[in-house]
Amino acid sequence: MIPFVKYHGLGNDFILVDNRNQTEPLITPEQAVVWCDRHFGIGADGIIFALPGQADTDYTMRIFNSDGSEPEMCGNGIRCLARFIADLEIQDKGTAAPAYRIHTLAGVMVPKFAADGQVRVDMGSPWILSGEIPTTITAPDQQVVNQLIEVAGQSWQVTCVSMGNPHCITFVDDVAAIPLEQIGPKFEHFSAFPKRINTEFIQVVNPNYLKMRVWERGAGITLACGTGACASVVAGVLAGKCDRHATVELPGGCLDIEWSATDQRVYMTGPAQRVFAGAMEILG
Ligand code: ZDP
């Protein structure tokens with residue numbers, strides 16, 4: 001049996017595993033698929049491992065999506081990881097650090113606990129060139145801002161941004177009217193996205209308030225996506241649709257996102273909630 005704790009950030013839910021004694025995840029991607037299954041397993045959008053730090057970091061985060069694929073980064077997940085690590089440190093020695101340096105496949109991220117109990121994360125700088133995202137919509141050294149693409153027999157004006165993981169953002173008049181279940185998979189597997197894509201539809205209520213719905217690579221429709229909210233504000237600035245500091249309303253609640261004009265890094269603030277703990281058979 002392997003112990004786990006379940007957390008969520010705005011309903012984007014994760015299984016957290018204490019992997020501090022080993023440098024490789026305790027379960028395989030195939031087992032992750034079963035653990036994440038909502039009928040045959042625990043149920044989650046992904047599984048996150050707290051591994052030992054590397055280089056100058058305190059811990060390493062690795063994540064498997066519910067389909068077993070491994071993304072580079074996870075915004076709601078890193079807030080949950082920070083809370084999980086703090087809970088473990090309190091169990092071990094009675095106190096926890098106020099902030100952590102976390103190694104991820106997308107670079108070093110720094111979550112900090114805010115006074116109101118929310119977690120504020122320095123998400124680093126976005127990547128905005130086609131070759132870095134990656135997409136083949138424009139030349140590798142060009143941005144992808146308000147570009148027309150044909151997906152699912154329709155034409156969409158998209159802006160693409162990477163927060164370590166790839167995102168394609170479309171600004172629409174009414175997010176509720178988007179048939180996400182049909183269109184999401186078509187974007188995810190569109191030929192211009194060699195590493196597949198997370199897809200966000202954004203309604204600009206005003207330059208400081210966006211409504212978002214998301215189809216995630218490897219996880220489908222989720223109630224929230226932290227990297228997606230960050231990428232959407234960056235895309236909104238590039239496309240001239242919003243300010244650098246905005247609230248992003250997702251089906252699961254709101255995130256505060258700022259693309260700093262001073263250091264060009266993206267700061268995400270939101271909740272992370274512990275739900276329950278258990279122990280899981282090794283299945284799958
Ligand atoms: O890039 C991907 O494959 C995403 N599915 C990773 C998960 C992103 C997440 N929802 C977030 O909040 O950034 C955890």
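Let's start with helix α4, residues 226–238, in what is a predicted model. Helices here are DSSP runs of H or I with at least four residues, strands are E runs of at least two, and both are numbered from the N terminus. The expected span of a helix is 1.5 Å times one less than its number of residues.

Now, how many residues of α4 are buried? Eleven of the 13 are, so α4 is largely enclosed by the rest of the structure. By buried I mean under 20% relative accessible area, with exposed being over 50% and partly exposed in between, using a 1.4 Å probe and protein chains only. Among the buried ones are G226, T227, C230 and G236. Just after the helix, G240 takes a positive phi of about 75 degrees.

A quick word on the ground rules. Residues are numbered from 1 along each chain as its sequence is written, and side-chain values use heavy atoms, leaving out hydrogens and water. As this is a predicted model, local features need pLDDT of at least 70 and side-chain atom pairs count only at pLDDT 80 or more, while totals for chains, interfaces and linings use all residues.

On to the ligand. 15 residues surround it, and the closest are C74, G75, E216, G226 and T227; to be in that set, a residue needs a heavy atom within 4 Å of the ligand. β2 (12–18), α2 (75–93) and α4 each supply at least two residues of this shell.

Which polar atoms lie 2.6 Å and 2.9 Å from an oxygen atom of the ligand? A polar backbone atom of G75 is at 2.6 Å, and one of N76 is at 2.9 Å. The protein covers 100% of the 380 Å² of accessible area that the ligand has on its own, an area that comes from the Shrake-Rupley method with a 1.4 Å probe.

G94 follows α2 and has a positive phi, near 85 degrees.

In strand β2 you will find D13, which counts as buried at 9% relative accessibility. The D13 side chain makes a polar contact with the side chain of R38, at 2.8 Å. Within protein, such a contact is a pair of N or O atoms within 3.5 Å, where one must be able to donate a hydrogen and the other to accept it, and residues adjacent in sequence count only if both atoms are side-chain atoms.

Most residues other than glycine have a negative phi, and most peptide bonds are trans. L10, in the loop between β1 (2–9) and β2, has a positive phi near 55 degrees and is buried at 9% relative accessibility. N146 also has a positive phi, near 50 degrees, but at 28% relative accessibility N146 is partly exposed. N146 sits in the loop between β7 and β8, and P134 lies in the loop between β7 (119–122) and β8 (147–151). The peptide bond from I133 to P134 is cis, with omega near -10 degrees.
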